[in-house]
Amino acid sequence: MKKKTISEPPIIEYGSFTFEESNYGRGNKRWMATTLLRACHDQGLEPFEYPLACYDMSSKYFPLNNMDDFVWQMKRCMNSDYNIPIILDNFGNVCDGNHRICKAILEGKRTILAYRLQYMPEPDFIKDSTNE
């Protein structure tokens, strides 16, 4: 009788998502995260300690329709980098850093470093409503 070999179960592979790929949309305008961070530096902003207790937990930032979506977003949270402060837009809304905020909350942190833009830079893209 031939002995069967049992192989290891497969690992479910997920790609990665970098800071440089992140973007923020408001209305028909979109900004790349790198543009927003450059604007923080151009405006001479200093990071401050943003209290996580001030975060609006009622907002839906991530599209979660199934377990695949959830795992992808959790991987992004786990891999997020605290060395880059989150960025609030000129209205005080989080425009970059939701994954870092989730990670910080799950790790029991009280604050996270943040920038607050005084004014928005020129958008990287403007969606043309006539082409919808």
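**Pockets in the model**

Tutor: One thing before we start: this is a predicted model. The lining of the largest pocket is made up of 10 nonpolar, 12 polar and six charged residues.
Student: Okay, and what volume does the largest pocket have?
Tutor: The largest pocket has a volume of about 670 Å³.
Student: Which residues are the closest to its centre?
Tutor: Those are Phe 17, Ser 22, Arg 76, Asp 96 and His 99, out of 28 residues that line the largest pocket.
Student: And which elements give two or more residues to that lining?
Tutor: You'll find β1 (23-26), α2 (67-78), β5 (94-96) and α3 (98-106) there.
Student: Which element gives the most to the lining of the largest pocket?
Tutor: That's α2, with four residues.
Student: New topic! How much space lies in the second largest pocket?
Tutor: The second largest pocket holds about 330 Å³ of space. It is lined by 14 residues, and the closest to its centre are Tyr 55, Met 57, Phe 62, Leu 64 and Cys 102.
Student: Which elements give two or more residues to this lining?
Tutor: Here the elements are α2 and α3. For the second largest pocket, α2 gives the most, with four residues.
Student: How do the residues of that lining divide into nonpolar, polar and charged?
Tutor: In the second largest pocket, 11 are nonpolar, two are polar and one is charged.
Student: Nice, but how does anyone find empty space in the first place?
Tutor: You roll a probe the size of a water molecule over the atoms, and that shows where empty space is left.

Terms used. Residues numbered from 1 in each chain as written. Predicted model: local features only at pLDDT ≥ 70, side-chain atom pairs only at ≥ 80, totals over all residues. Heavy atoms only, no water. 1 Å grid on protein atoms, 1.4 Å probe; cavity = no way out; pocket = protein on both sides within 12 Å on 5 of 7 lines; lining within 4 Å. Points joined across faces, edges and corners; volume = space filled by probe spheres on them. Nonpolar A, V, L, I, M, F, W, Y, C, P; charged D, E, K, R; others polar.
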